[in-house]
Every structure is written in structure tokens, then in C-alpha cells.
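The tour goes stop by stop: select, look, move on.

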Amino acid sequence: MELINKSRVKSPWLLHYDGSSCNGCDIEVLACLTPIYDVERFGIINTGNPKHADILLITGGVNKKAARVVKNLYEQMPEPKVVVAVGVCACSGGVFHDCYNILGGIDRVIPVDVYVPGCAARPEAIIDGVVRALQVLAAKTDKEAVV
Amino acid sequence: MGRITAPFGPQHPVLPEPLHLNITYEDEKVVGLSPAIGYVHRGLEKTAEKKEYPENVFLVERVCGICSFMHAMTYCMGIEELMGIEIPPRAQYLRVFYSEISRLHSHLLWLGLFADAFGFENLFMQYWAAREKILDLMELTGGQRVILSSCAIGGIRRDLNAEQIDTAQGVLMQTEEELKRINPVMLNAYTVKQRTVGKGMLSREDALLYGAVGPMLRASGVAQDLRQTGYAAYRELGFAPVVETDGDSYARALVRVRETCQSIELARKALERLPEGEAAVKVKGNPDGETMQRVEQPRGELLYYIKGNGSKNLERLRIRTPTFANIPSLLKMLPGCEMADVPVIVLSIDPCISCTER
């Protein structure tokens, strides 16, 4: 068990979901995975399966229909897990904050650990957010080990 | 024989965005499907009525992060027509330049995602590495990587200087060389052909019947591209649409590959012939009346309907985007195909869900 805890922080798997964003942040999240920025050097792999994921990257202000999906994905992820809100819409609703269908921020739906601002969030900022998420993940792992 | 219905999406590994299809399979064959959209609906058209018309430029840019410049340009063209503003020729040429580099980055993005959909990860990385140079160019000229905010009512917000134009020419030339190296792999590799040739057939008649637009329509043999209407500076630059006749996923990839080369050529031509003078004019007054604007977006025809009432707020803004028009054709193509080909065919329409649902 200790080995798993130790290695989790060295190779976290990442799940990305578009919760009603404009696409700008999503393509920047994908850009992080490609050669120029390459988050794989931190041992991070993009997965499509929530049951394999440790970090959840969410973009967008979340509408009512997407909220259910976001909640489902979050609940399907195994503990410990970290949520990163990417882009200003995910943090607070951004330019869409007064749209009738937008709840305004991921933290209205699920608990968020790291906020990455920007419209669209730059790949450097997203990588910084993910690295911070790793610290949170390490802290959560320690806490779980004590219990 | 037993039938099962399984959901495709909203969260699916090949989709960067949430599209939901309920697909009914009989063994491995698709026999029926129904789409469900609404995961990205934000209500932008209504919000645009609450904001003042110059602020809306920033709002419509965020209809879609990939083709944000096209949205801003179409909106600005509409408002300019309502207010009778004549924009300077330099702005027209710069609009062509920005449109073409937006198209270039969108097509490279799609070619990468398409390669990823059939598991060719190396090609995905190659295309995205080439695309990064275009994003750097956008940052150099517009100040941002994806959402440029370069277009303003009355022209272009930030004029280019001689040094920037030189760099842009250099980057475009480099990208052309780079693509000469990558494109043959997309077009000739055995694995690519195995997964795309003959998959997702759409005949010329069906394309017209179901109202397909953009590269979808052109891959089925219809030479229709709104750039032929000569908005901005396309009339002066000269333009002929790219057409293929096979109507399968491979033909769609081929149209987009050829369009990337065409975009580079148009963007370079626009910079070479860039007229001297101001890049924007001052705007006074409020829009009144109604107008319809059509622009060729990377995915096809984009339509804006704008109605003003002489006040700072618009009375109605209606946006019709290309992916919405291409979904009926997708529903035509999928039945009868194999389960494993569904992701490739869905991706071949270049779905942009945030545009579709606004």
C-alpha cells in the first residue's frame, strides 16, 4: 500500500472534461499533452476513464445538464482525488456568469482544490496548476495513510 | 437477433467536447441512433441582448475557442453594415490574414485529433507540434494564443508592423515546409487508409439533401465555399474552393489537408499585398435595422442574424453554426457502419459542440 501511495504522486493519471466551456481551455489542456509543453515528463498520462484517474481537469462554467455528468465523473474517481478548475469560467463563470443556463463555477457542483485563471488559461498556467495539484494529492495521500 | 443501446459520450476518450449519441447496435453493426445535445448550452444569444453592442464582440468570440476570430469578424461585419461603416482596405486584408491562420490552426488541430481517433498517436503529436508555431504567431500578432480579440467594430484592433509581417511570412513558410513532411503520412500511410477509405460515405445527393456544409460538402463533390462571395478581401485575392468527389472520411481529411496549404498561400498573399493606411475607423452611433451575414468558418457556413433597434442593446442575435448543419448528415452516415468506426466517422464531421449549442 505504501508503494502505491509513493508512486501515485510520481505518475498521476489525468481526466479531462468540458463542462460547458467555449473550447478555448480544452484545446489548451490538449496542447499541454503535446510535444512543446509535454506534461508526460511529470509522469502524467491523459486517460478517458474516470476509474483510472487521480486528477480531474474541468473547464467551463457548468450548465444544469453538464452538472450531473460532472458529479458522476467525480464520484466514479477513486480516492484520493484532486480537482483542478481550468480557466476563469471554471473558477467563477467568467464571461458567461450571467447567462441563464450557467451555474457559475465548478465549485457550485463539486469541491475544487486548485483554481487556474485565464481566458483561455495558458498551457504554462495549466501545468503549474497540475503540479500544485500533485502537492495536494501528496497531502491527501498522507492523510489517508494516517487514517 | 438481440439489440443493445449504448451511449456514446457525453464523456468519451476521442471527444474533447461532450456530444451524446444513443447508438443501437445489432451485433457489431449500428442500426439506429438518436443524438442528445445541451451539455454546452450557455444561452449566449439571450445574454448578448443584455450587453451593449461593442461588448458583444468579446462575448461572441467565446461562442467557440477554436474559431473565435471568425465569430468576431462575422458579428463586426453585421454591425458595420447596419451602421453604414466602410472599413479601411488594410483592415480587410488583415481580416483575411487572421481568418486564414485561424483556419490553419483549426485544420491542424482536427488532423491531429483525427489521427488520434484511429490510434495514430505519433501523427497526432506531429500535427500539434506544427500547430504550436501558428499559435505563437497568433500570440505575436494578436497578443493571445486562442482567443485573439483582434477584430473590432470598424476594423482591426492591433495593426501589424513591418517586423511582425516579416516574422509571420517566415513562420508561414516554415509551416509549409513542415506540412510537406507530415501530410504525405496522413495521405499515404496504410493504417490511415485502412481506417478511413470508404468509411462514412455521404453521396453528393445526400450531402445536398441533408444540408451539409463546409469540408463535408466539398468532400462530396459540391464546389461551395462562402469565400467565393468575396467578403473581406477574398475577391481581390482570388480564390477557388477545394473539392474532392469520394465522399468518405478519407476525402474529408484530404479536403482539409489541401485547405491547410491553401490557407498558408492566402495568408501570405494577404500580407504581401497589404495596403498602407489606417487599420480601423472610429465608430459612432447605434445599430438600427436587421442584417444577415455569412462567413466560411473552418467547419463550414456560419450565419449571423442581427437586429438592432437604434439603442445600445441589440434586439436579437441569432447564430447558426456549421456543426449544427452537419449533424443530420452524421445521422445519415452512421447506420450500417461498424462499432469500431463510430469514433472516426463522428470525428470526420469535425464536431464543434460549443459552437453548436452556444
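Begin with charge pairs. This is a predicted model, and a search of the whole structure finds 33 salt bridges over all chains. Side chains of opposite charge can pair when their charged atoms come close. The next stops pick out some examples.

**Stop one: Arg90(B) and Asp159(B).** Select both side chains. They meet in a salt bridge, at 2.9 Å from N to O. The pair links distant parts of the chain, 69 residues apart. Arg90(B) sits in helix H4 (residues 89-117) of chain B. Asp159(B) lies in the loop between strand E5 (155-156) and helix H6 (162-188) of chain B. Asp159(B) has a relative accessible area of 35%, so Asp159(B) is partly exposed.

**Stop two: Asp341(B) and Arg195(B).** Select this pair next. Their side chains form a salt bridge, with N to O at 3.9 Å. Here too, distant parts of the chain are linked, 146 residues apart. Find Asp341(B) in the loop between helix H12 (322-333) and helix H13 (342-348) of chain B. Find Arg195(B) in helix H7 (residues 190-196) of chain B. Asp341(B) counts as buried, at 8% relative accessibility. Arg195(B) counts as partly exposed, at 25%.

**Stop three: Arg294(B) and Glu301(B).** Select the two residues. The closest N and O atoms of this salt bridge are 3.5 Å apart. Arg294(B) is partly exposed, at 39%.

**Stop four: a network.** Now select Glu100(B), Arg103(B), Arg218(B), Asp225(B), Arg227(B), Glu259(B) and Glu296(B) together. Salt bridges link these residues in a network.

**Stop five: helix H5(B).** Select residues 121-142 of chain B. How far should this helix span? At 1.5 Å a residue, its 22 residues should span 32 Å. The end C-alpha atoms are 30 Å apart, which agrees. Then step to Gly143(B), which follows H5(B). The phi of Gly143(B) is positive, near 95 degrees.

**Stop six: where the chains meet.** Colour chain A and chain B separately. How many residues does each chain bring to the contact? Chain A gives 38 and chain B gives 42. The two chains bury about 3,200 Å² between them, and 60% of that is on carbon and sulfur atoms. On the chain A side, select Asn23(A), Ile27(A) and Lys65(A).

Select Arg145(B) and Glu28(A) to see one of them, at 2.7 Å from N to O.

**Last stop: the chain A side.** Select strand E1 (13-18), helix H2 (24-33) and helix H3 (64-76) of chain A. Each of these elements gives two or more residues to the side that touches chain B. Which element gives the most? H2(A) does, with seven residues. By class, this side of chain A has 22 nonpolar, nine polar and seven charged residues.

Key:
Residues are numbered from 1 along each chain as its sequence is written. Chains are lettered from A and ligands numbered from 1 in the order in which they are written. This is a predicted model: local features need pLDDT of at least 70, side-chain atom pairs count only at pLDDT 80 or more; totals for chains, interfaces and linings use all residues. Side-chain values use heavy atoms; hydrogens and water are left out. Contact means heavy atoms within 4.5 Å. Buried area is the accessible area (1.4 Å probe) that two parts lose on being put together, summed over both. A salt bridge is a side-chain nitrogen of Lys or Arg within 4 Å of a carboxyl oxygen of Asp or Glu. Helices (H or I, at least four residues) and strands (E, at least two) are DSSP runs, numbered from the N terminus. Ala, Val, Leu, Ile, Met, Phe, Trp, Tyr, Cys and Pro count as nonpolar, Asp, Glu, Lys and Arg as charged, and the others, Gly among them, as polar. Buried means under 20% relative accessible area, exposed over 50%, partly exposed in between (1.4 Å probe, protein chains only). The expected span of a helix is 1.5 Å times one less than its number of residues.
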